[in-house]
Amino acid sequence: PQPVRLADYRPPDWLVDTVDLDISLHPSATRVVARLALRRNPEGEAGAPVVLDGDGLVLVRLALDGKPAAGGAFDASPDRLTLTPSADRFLLEVETLLDPTANTQLMGLYRTGGTYCTQCEPEGFRRITYFPDRSDVLAVYTTRIEADRDAAPVLLGNGNLLRNGPIAGTGRHYAVWHDPWPKPSYLFALVGGRLAKVPGHFVTASGRPVDLGIYVEEGKQDRAGYAMDALRRSMRWDETAFGREYDLDVFNIVAVSDFNMGAMENKGLNVFNDKYVLASPETATDADYANIEAIIAHEYFHNWTGNRITCRDWFQLCLKEGLTVFRDQEFSADQRSRPVKRIADVRLLKAQQFVEDAGPLAHPVRPEMYREINNFYTATVYEKGAEVVRMLKALLGEAGFRAGMDLYFARHDGDAATIEDFLACFAEATGRDLAHFALWYAQSGTPRLDVAGSYDEAAGTYRLDVVQSTPPTPGQPTKAPLLIPLALGLVGPNGHDLPLVLADGTPVEGVLEVTQEKQSFVFTGVGTRPVASLNRGFSASVNLVTDLSTDDLVFLAAHDRDPFNRFDAIQALAVQLLKRGAAEGTLPPHAALLDAARRLLEDGALDPAFKAQALALPGENEIAREIGTQVDPDAVHAARRALRRALAQALTDGFAATYAAMDTPGPYRPDAASAGRRALRTLSLDYLTVPGTPDALQRALARYRAADNMTDRFGTLAVLAQHDSPERREALDDFYVRFEKDPLVIDKWLSLQAQIPEAGTLDRVRALMLLPVFSMSNPNRVRALVGALATGNPTQFNRPDGAGYDFLVDVVLTLDAKNPQLASRLLSAFKTWRQLEPKRAALAERALRKVADAPGLSDDVADIALRALG
Ligand code: DPP
Ligand code: ZN
C-alpha cells in the first residue's frame, strides 16, 4: 500500500453541489444511477481533470449534461473514473451495477440477514458509485430507493422523507429521502428490509418535533426500549450540556447483525451493530446496558461533532472521534456515577491505549501518514483523543472550555475542519496560547512523569520534583516535553487537603502545569508532612511514577478525597506486588494491601460500584504492560492468582457479609446503583469461590440456577468458568441450551470459554468454531471467540509452543479474502509481541512473517503485519 501523508493535503479540484441517487435494490444486481452536479473548485489546481474514486465498480453508462459520453471522453477502471470536461460546471450521470449479496467486506452496500444496508466510513461510498470520496467534499443528497415490496417493505435514507409509494404493476415500491444538510459521502446511508419499527418522539428545546425510530428484526421490538430511552436522554443532554439541538424531522436507528464497527453516525440514519441496541434483562448484562447507553449517545453526539462539523481529511479523525468519545464519557458520567465512570474509562485507556502506545503500532492522536486508514480507528485516536480534550478542559476550566466549544460550533458549522481550527477556537475564546499543548496531537507514546516529594519541617515547605520523559515510538526517536495538567492535592494527617500556595505566593487551583523536562514546585505554609495525591482524576494521560511509600498508598486508599486516587492507590499497591511476584516467583509480603482492601470493603459509606472496581485486581495485560519487557505471561498469571488467593483467604468473612448484604431482591433494573450492587455481589462470590471447594462451587452453581437476569447468570457463569469442575460443565451446557437461538448471548458464552486460562482452551476454541452457532462471516461471532482468545487470554494466546500464534495467523489469512477489516483487527493482537520474553517473541515474529509473506494480502492486513514487524 502507498503512503498517504498529511503534509500532501491539497484542496479538491472539483466540488459536488448536489447528489441525486436513484437506487434500485436487487439481491445480486442493484442499479445505482448517480447524478452529480460538479463544479470546479477555485481553490483547486487550475485545469485539473475530474478524478473520481471507485472500488471494484462495474460501470454501465455515463452521460455528461444529459448526453451519453463518447469513448474518448473519459477513462474508467473499477477503481477510478477520469474525465476532462470543457466546462467548469456540469452534470455527470453515472450508472453502476452492484452485487450486495457478494459483498462480504461489509463496506459499501451489502446484505445482512436479508436486509440491505450500507457502511461508507471511511471509503465505502466509492463501492457504490464513482465519487470524490473524501471528507472535504460536502454535497446535498437526495436519494430515491426502490425495492421489492415484500422483501423490503421498509426503505430508509438520510434526512427527511419526501414521498413514497407503490410502483404500479411491479410488486415494487419506492421512497425518496432528502437531506438538506451538506455532508461528505462517508455519512451517506440507506437501509431496505423487513424490519419492525419501535417508535418514539422527541421535542427539541426550541419546539421542533422529531419522529424517532429504532428498526430491529421482527420479534425483537421488546429489546429496543432501553436504546430508545438512551436516545432521548442523549438528545436532551446535548441541549443542556453543549447547547446542541437536533436538526431534522426524523432520527432513525437500524440494528443489523453483521457489522464491522460498533455503530455508524450516518446523518439522520444511524446504523448499529445489534449488540449495541438490543437489551432485555434476560439477555443483556449491566455492562451491555451501559455500552448501549454510551454508544447510542456517541453516535447521536456525532450529529454535531462529526456531521455538522466534519473532518477536512482522515488525519483529523480524532477531531470527531476523540471529541465525541469525550462527550459520551461526560454524558455517562452525568447519568451514572462520575467517579466510577472515570475509573472504568481509565481502566479501558490503560488496557488498550497504553498498550498500543507502548508497542510497534504506536501512532500520534493525529497521525501524519497512513497506508490504510481503516487501521486508524484505534484506541489512540478514540481514547487518547478523548483524554486530550479532557486535558484541554482541565487547563481552561469549565467556563473556558465551554466558551471554546461554543465558538467552535458557531464558527465551523458546515465546515470540514482541522485540529488547528479546533484549538484556535479555545485559544481565541480564552486568550491562551495553545501552541505547546498542541504537541499532544503530534507526539506519540505515553509520557512518563516521575514525581518525588520532600518535606522541610523547619521551613514549612513541601517540594515536588517533577521529571517528564516520553519513550521513543515508531518514527519518533526523540521527544519534546509536553504541557501536562497535573491535578493534585496535599493531604494532611487528618485526611483534609492543605491549601496549595506556591513559594511566590501564587495559589494553585488544584492543577499544576508541567511544561519542562525537569521542574520543581515548592508549596509554602505546610505545617505537617502531607501525602501528595497526584494526577487526581487521572487529569493527565501519563505513566505516573511516584516515591510514595506503601504507608502513603494505604493512607490515600483510605482518606483521599479524590475517589479516583483512592482507587488508584490500592491498584498501585497491587501492581507493585504483582510485578515483584511475577519476577520472583512468589508473592512478596502483602499485609498492607490486605489491610487497605479490608478497609475499603468494610467502608459502609462507599458506593458498591466503586468497591467492585477497587477490589478487582489489575488484569494480566495491564500487569504485563507495567512490567514492560521480558514478560512471561505464565508468571504474570501465577502472581495474579496467588494474590487473588491471598485476598480471598484474608477477607473471607468480609466477602461473605458483602455477598449477603448486596442481595437485590425485586425485578431487575439496569440503573447504575443496582448494577453496582450486582457487581460487588458477583465480585464477592468470585473471591468466595477461589478455594474451589465443593461447597463453594455448589453455592456458585445454585446462584447461577436461581438467576433471573443475565447479569447474575453470566456473572456466576464467569465465576464458575475459572474452575475446571462438574459444576462448570453443567452451567456451560445449561447456558448453551437456554440461549442457543440467541446469537448475541451465545457470543458471551463463546468469549468466556475462549478466555479460560487452561491448556485445553485452544482445542476448545477450535471445537467451538465447528458449532452451527459459530460463523466466520459474522464479525461479532469471530470477535467473541477468536478475538477473545487473542486479546483476553494472555497465557493461552502466548502459549510457549506458539500454537496460539499459529492459530490466529490461520484465521487471519482465511478471513482476509472475505473481510480484510476484521482480519486486520484480529491481527493487531500481535501489538504486544515485543514486550515478551525472547522465546515467545521469536515465535510471534515468525508468525507475523508468515502473514507478511503470504500472497495476495489486503492492504489492511499487510499494513498491520509490516508495522508490527517494523
Ligand atoms: N462509527 C464509528 C464511530 O462512531 C466511526 N465513525 O466511532
Ligand atoms: Zn465515533
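Which loop holds Pro 122? Pro 122 sits in the loop that runs between strand 11 (115-119) and strand 12 (139-148), where helices (H or I, at least four residues) and strands (E, at least two) are DSSP runs numbered from the N terminus.

## Ground rules

This is a predicted model, in which local features need pLDDT of at least 70 and side-chain atom pairs count only at pLDDT 80 or more, while totals for chains, interfaces and linings use all residues. Residues are numbered from 1 along each chain as its sequence is written, and chains are lettered from A and ligands numbered from 1 in the order in which they are written.

## What UniProt marks

UniProt, in an unreviewed entry, puts "domain: Peptidase M1 membrane alanine aminopeptidase" at residues 226-437. Its positions are given in the numbering used here, feature names are shortened, and annotations may be inferred rather than shown by experiment. In the model, residues 226-437 are 56% helix and 9% strand, with 39 Å between the end C-alpha atoms.

The unreviewed entry also lists "domain: Peptidase M1 alanyl aminopeptidase Ig-like fold" at residues 445-546. That span comes out at 0% helix and 45% strand, and its end C-alpha atoms are 19 Å apart. For residues 551-869 the record gives "domain: Peptidase M1 alanyl aminopeptidase C-terminal" (unreviewed entry). Here the make-up is 72% helix and 0% strand, with the end C-alpha atoms 43 Å apart.

## Domain 2 against domain 3

The domain assignment gives domain 1 (1-105 + 112-192), domain 2 (311-442), domain 3 (448-540) and domain 4 (740-870); such bounds come from an automatic or database domain assignment. Between domain 2 and domain 3, the C-alpha centres are 24 Å apart. The contact involves 11 residues of domain 2 and 13 residues of domain 3, a contact being a pair of residues whose C-beta atoms, placed from the backbone, lie within 7 Å.

On the domain 2 side, helix 4 (338-357), helix 5 (379-412) and helix 7 (439-442) each put in at least two residues. Helix 5 has the largest share of that side, with 3 residues. The side is made up of 9 nonpolar, 1 polar and 1 charged residues.

## The nonpolar core

The largest nonpolar core holds 262 residues, and Ala 227, Val 254 and Val 277 touch the most other members. Such a core is a set of buried Ala, Val, Leu, Ile, Met, Phe, Trp, Tyr and Cys residues joined through C-beta atoms within 7 Å. Helix 5 gives the most to this core, 12 residues. Setting aside neighbours within four places in sequence, Ala 227 is in contact with Ile 214, Ile 253, Val 277, Ile 292 and Ile 296.

## Some loops and a strand

Asp 65, not a glycine, has a positive phi of about 50 degrees and sits in the loop between strand 5 (59-64) and strand 6 (67-68). Asp 65 is exposed because 12 other C-beta atoms lie within 10 Å; the cut-offs are 20 or more for buried, 12 or fewer for exposed and partly exposed in between, counting other C-beta atoms, placed from the backbone, within 10 Å of the residue's own. Leu 106, also not a glycine, has a positive phi of about 60 degrees in the loop between strand 9 (89-98) and strand 10 (108-112). With 24 C-beta neighbours inside 10 Å, Leu 106 counts as buried.

Leu 544, in strand 32 (residues 543-546), is partly exposed, with 17 other C-beta atoms within 10 Å. Its C-alpha atom is 8.5 Å from that of Pro 447, 97 residues away along the chain.

Methods. Two residues are in contact if their C-beta atoms, placed from the backbone, lie within 7 Å. Ala, Val, Leu, Ile, Met, Phe, Trp, Tyr, Cys and Pro count as nonpolar, Asp, Glu, Lys and Arg as charged, and the others, Gly among them, as polar.
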